[in-house]
Structures are given as C-alpha cells and as structure tokens.
Amino acid sequence: MYLDTHIHILPGVDDGPVDVGESVEMARVLVDLGWSGAVATPHIRPGFCDEDPEQLRSRARVFSSTLEEQGIALHVLPGAEHYLDSIVYERVLAGRSLPLGGKGSLLLIEAPITHPVPNLAEKVFAMRLKGITPVFAHPERCHVFSDLELASYVVQAGAHLQLNLGSLAGAYGRSSRALARQLLDRGLYSVAATDLHGAKEALDMLGAWVDDLTGAVGPKLRDRLLGENPRRLLEGREAIPLGAA
Ligand SMILES: [Fe+2]
C-alpha cells in the first residue's frame with residue numbers, strides 16, 4: 001500500500017479542497033488506487049497561507065476522524081509544506097515547523113519555482129546541524145535544482161528529493177518532465193508523492209500519473225517510491241536507493 005507524503009487534502013486551509021466533501025472525495029480516490037496513508041501538507045507560506053503548526057495538527061486529527069467515521073481506510077497524519085523564504089527558513093532553524101507525520105526529523109520544504117535560492121547547500125547543511133532532514137518537494141519544478149551537481153550534493157548531505165507524480169506525466173510542462181527524468185536516471189529521488197490539490201485532479205489524473213511512473217521505472221521501483229521508502233522515512237529509517245537491488 002502507498003503512503004503519500006505530500007498532498008493538499010485538508011478542507012479550507014490553503015489552495016486545496018474547498019470543503020470537507022471534496023476532501024473526502026480525494027481520500028476515496030487515493031484508497032481506490034492503492035493508498036492507505038497520507039501526510040496532509042498544507043502550505044506554510046507567509047502572505048499566502050500561514051496557519052500555526054498546532055492548528056494544522058488539530059485539523060489533520062479532525063479530518064482523520066471524519067474519514068474513520070465514514071469507513072474510508074486512509075490514515076491521515078499531520079505535516080506541512082514549508083516555503084523556503086527567509087522568514088520560514090528562520091522559523092525552521094528555530095524549531096517552529098511541523099515535521100512530516102507530526103514528529104521526527106523530516107521536514108517537507110518547497111524551494112521557489114522560478115527564483116534562485118542563494119546558498120542552498122549551506123542552508124541544507126545548517127538544517128542538518130539542527131537535526132532536520134529536509135525533503136525537497138518537486139525539485140524538478142524548481143529552478144535551483146536544474147543544477148544537477150547541486151541536486152546530487154544536497155542528497156549526499158542527507159536531504160531527500162520528492163518526485164511529484166504530475167511532473168513526470170508532463171502536467172507542469174516539458175522542462176519539469178525532462179528534469180524529473182534526469183533526476184530519476186541519476187537515482188536521486190527517495191520518494192514520489194501526489195501533491196494533489198483537489199478532487200477533480202484526483203479523479204481525472206491520478207490513475208494515469210501512477211501508470212506513467214510504472215512505465216518510467218517499472219512496478220518494483222514504483223512501489224519503492226510510493227510505498228516502501230515513504231514508510232521507511234516516516235519510521236526514521238533510511239530510504240532504499242533507487243539503484244539498489
Ligand atoms: Fe504542494
């Protein structure tokens with residue numbers, strides 16, 4: 001069974017589903033396609049969405065109970081997608097953040113899509129010194145990771161790269177798709193995630209996105225990226241590299 005480590009599924013908190021009905025619909029699609037767990041990761045991005053981590057924990061708990069009451073077998077854990085600007089970066093270093101799964105060292109971090117990120121390697125190093133393990137959301141969509149040497153360096157420094165399924169399928173354009181293929185070929189991803197924002201996208205696209213991943217890497221590595229490695233990381237274990245047998 002798969003475990004999603006990046007999804008905007010909590011109702012009315014960010015640019016995800018507008019109400020709980022839509023959230024429940026998304027959960028149904030995930031379960032139908034093989035997911036048994038999901039970390040709800042609303043945006044934390046000042047000026048856009050900036051809810052307190054404790055509030056986000058509470059929202060995830062409430063939504064998980066709603067699914068349980070409705071008999072939908074998707075276990076929802078708390079998390080957040082932290083935007084890498086100077087404000088959030090300082091909060092992260094100060095420990096004011098929400099780890100993936102609600103505890104442990106993993107922090108989902110989104111680099112700016114089009115802007116450069118000054119001193120990314122130093123930032124990763126500083127986070128590692130604080131005991132944080134950055135998980136970079138959709139690096140294939142972020143300008144800074146078009147530098148493949150830098151991408152490789154941050155992985156060696158202990159960060160993880162998270163493939164967005166839609167990128168590989170071409171949902172974000174040709175250059176994101178091409179970079180996703182390059183990062184896959186170099187074995188730099190640890191996990192893959194949906195980054196879904198709504199029920200229509202889930203219903204219309206998710207099955208095809210999984211098929212595209214299967215076509216690109218085969219069923220064994222698909223299961224490693226969508227199920228085995230997400231679970232291992234959330235349990236505090238090492239991910240199995242894509243190149244390993
Ligand atoms: Fe996201």
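This is a short chat about a predicted model of a protein chain.

Trainee: How many helices and strands are there in the protein chain?
Mentor: DSSP runs give 8 helices and 9 strands.

Trainee: And how compact is the chain?
Mentor: Its radius of gyration is 16 Å, close to the 18 Å from the globule rule for 245 residues, so the chain is as compact as a globular protein of that length. The C-alpha atoms fill a box of roughly 45 × 40 × 30 Å along the principal axes.

Trainee: What share of the residues is buried?
Mentor: 46% of the 245 residues count as buried.

Trainee: Switching to the sheet. What is the strand order?
Mentor: The order is β3-β5-β6-β7-β8-β9, in an open sheet of 6 strands with parallel pairing.

Trainee: Which strands stand at the edges?
Mentor: β3 (43-44) and β9 (189-193) do. Each has a single partner strand, so one side of each is left without a neighbour in the sheet.

Trainee: How many bridges link β3 and β5?
Mentor: The two pair over 2 bridges, in the parallel sense. I44 stands opposite H82 in β5.

Trainee: Now helix α5. Which residues are buried there?
Mentor: A151, V154 and V155 are buried in α5, which spans residues 148-156. They cover an arc of only 105 degrees around the axis, which puts them on the same side of α5.

Trainee: What covers those buried residues?
Mentor: The cover includes α4 (120-129), β8 (160-164) and α7 (174-185).

Trainee: And which residues are exposed on the other side of α5?
Mentor: E149 and Q156 are exposed there.

Key:
Residues numbered from 1 in each chain as written. Predicted model: local features only at pLDDT ≥ 70, side-chain atom pairs only at ≥ 80, totals over all residues. Pairing = 2+ DSSP bridges. Helix = DSSP H or I, 4+ residues; strand = E, 2+ residues; numbered from the N terminus. Buried ≥ 20, exposed ≤ 12 C-beta atoms within 10 Å, placed from the backbone. Arc of directions from axis to C-beta. Contact = placed C-beta atoms within 7 Å. Rg over C-alpha atoms; globule rule 2.2 N^0.38 Å.
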